[in-house]
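Subject: Structure handover

Hello,

Please find the structure below. My notes on it follow.

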Amino acid sequence: MTRTPRGTLLLVLAVVVVVAGAGWGVSTLLRSPADEAAARKPPRPSLVTATVERRKLVSTIVVSSTLEYGSPYPVSLAGVVGGGDSTQRATRAPRPGTLTEGAVVMEVNGRPVFVFSGKVPMHRGIVPGTRGDDVRQLQKALRRLGHRAPVTGVFDQATIASVSRFYAKRDYEAQQPTLELRQKRDDLGRAVRSAQEVLATERKALDQGMDVLPLKVRLANARRDLEEAGQALDSARAQERTIEDEAEVEAAESAVRAAEEKLLAAEQELAQAGAAPTPAPGPGAPAGPPADTRLLELRVANARADSAAARSALERVLEEAGIARDRRLAELGRNVRLTREAVVAAEQTLRQARQLSPTKLKVANAQRDLAAARALLAEFSRTYGPTIPPGEIVFLPRLPARLHKATVKAGEPADKPIATVTSSTFVVSGSVDAAEAERLKTGLNATIETETGKTVPGTVTSLGGRDTKGAVPVMITPASMKGLRKLAGAPVTARVTIGATGKEVLVVPAAAVVTAADGRARVQVEITPDRTREVEVRTGLAADGAVEVTGDLKPGDLVVINSA
């Protein structure tokens, strides 16, 4: 086989490469004793460092918790529903869901059980005339529902009307008096009427047994005289003057006006006379003496005197009219007193005459019996009418609420807790150890993380007392309930923020900060792989193994954590 020069060259190069590779491989396997000793020495010590960062620092406490509806509250009926004392059985069981004010929670014996907002629990039946804070909060609830109930704290007729309208709007009837109560009211009414008949009979017997008719007539006349005297006195007080006095006053006032007119005319005439010049006797002759006005002046003086006299006369007429009115009122007042005395005397005479009758004791007893019967009827009537049985209303501290679980079924007796209600909002309940609880307080922000990774902001709303295991209960309220309904009862993780820098700060690992004997904090900053410098720092917030520092540092510096 013939070879070309090019082929020969390639073959030579391949042989050279193979030989060179074999030589390198052999050289790697053959080491001198010095090389072997150097290979067995430990590596040169190096520093463990971390980078100085600028970022926000947030300190949190983790609370392992459960998401659930807040404020569980067992609900029981305060008493019977309806007006009877028969067995109380649920005819419509409570249903889970949202409870709003005025809603029907359940039915017992066909009667409704309503729910209202209020802090005072239902503890009694509310009947006409009942007073108290429970009545006041019922009235406020009715007003919130659009019924014009007065907020007086008294279950009066206006409130009863509002309650009746409220029941009717929900296709129920307010509880009316039972047959037994209606019969008792009729019995009391008959007792009053019977007492009235007995008293009338005894009085008739008393009047027939004595000649008291003239005394009755005298008393009636005296009362009529007293009434007329009182009317005359009232009329006189309302009238300022009599017709005669009014005429005299008008005449005196007319005389005053006439005298004033004469005075004014005389004064004008005098003024005109004084102003007119005296004509000269001839051309070029001097003016004559002024006109003689003495007569006019005398007329003015007389007119003034007449005017003063007329005014004085008017004053006398007015004074005499006032004196006459006072006398008239005094006389009429005296007549009233005399007629009143006559009435008292006639009453006393008639009373004394009746006391002489042998039937007076029967009349007195009949009067007492009638008064007692009326008092019993009035006392019963004060509480008679539409009522609210104690079991027909449940007051809850806050509405709307959520009926979480019904504990009574249709057909079962309603003599035990009927349901458990919660608030309509979720809460996160968990616990932390006592040391961490000291760093918590209500109002702190928190982040709630579900198992699916969803996060919801929240707020610490309450801290409990330490339990038997030394843990402190923590309750956190989410800021939003959106999307949480399906997660009720699920475990969640809450991170409570107990501190934050608010802005980006220099951060180093907490292991890089060393406190010297003088109490000052320092870090070691790497200058070269084998050189460091010491930097004094002030520490701030610490969180998650990092700490805020201020000092002669900048982002990117390497601080020593430990040395190897």
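Ala 310 sits in helix α8 (helices are DSSP runs of H or I, at least four residues, and strands are runs of E, at least two, numbered from the N terminus). Ala 310 counts as buried because its relative accessibility is 9%; buried means under 20% relative accessible area, exposed over 50%, and partly exposed in between, with a 1.4 Å probe and protein chains only. Its C-alpha is 4.9 Å from that of Val 256, although 54 residues separate Ala 310 and Val 256 in sequence.

This is a predicted model, in which local features need pLDDT of at least 70 and side-chain atom pairs count only at pLDDT 80 or more, while totals for chains, interfaces and linings use all residues. Residues are numbered from 1 along each chain as its sequence is written, and side-chain values use heavy atoms, leaving out hydrogens and water.

Glu 244, Glu 248, Glu 315, Glu 319 and Glu 320 form a negative surface patch. Patch residues have over 30% relative accessible area and no salt bridge, and like charges are joined within 9 Å; a salt bridge is a side-chain nitrogen of Lys or Arg within 4 Å of a carboxyl oxygen of Asp or Glu. The place of a Glu charge is taken as CD, and Asp and Glu count as negative. Accessible areas come from the Shrake-Rupley method with a 1.4 Å probe.

Two or more patch residues come from each of α7 (243-275) and α8 (294-355), with α8 giving the most, three residues. Glu 244 is in helix α7 and counts as exposed because its relative accessible area is 54%.

Val 363, Ala 366, Leu 370, Ala 373 and Phe 380 are buried in α9.

Some backbone points remain. Most residues other than glycine have a negative phi, and most peptide bonds are trans.

- Asn 109, in the loop between β7 (104-108) and β8 (111-117), has a positive phi near 55 degrees and is partly exposed at 33% relative accessible area.
- Asp 171, in the loop between α4 (157-169) and α5 (179-208), has a positive phi of about 65 degrees and is exposed at 72% relative accessibility.
- The peptide bond from Leu 399 to Pro 400 is cis, with omega near 0 degrees; Pro 400 lies in the loop between β9 (393-396) and β10 (401-406).

Regards

Conventions
Patch = residues over 30% accessible without salt bridge, like charges linked within 9 Å, V, L, I, M, F, W, Y side chains within 5 Å.
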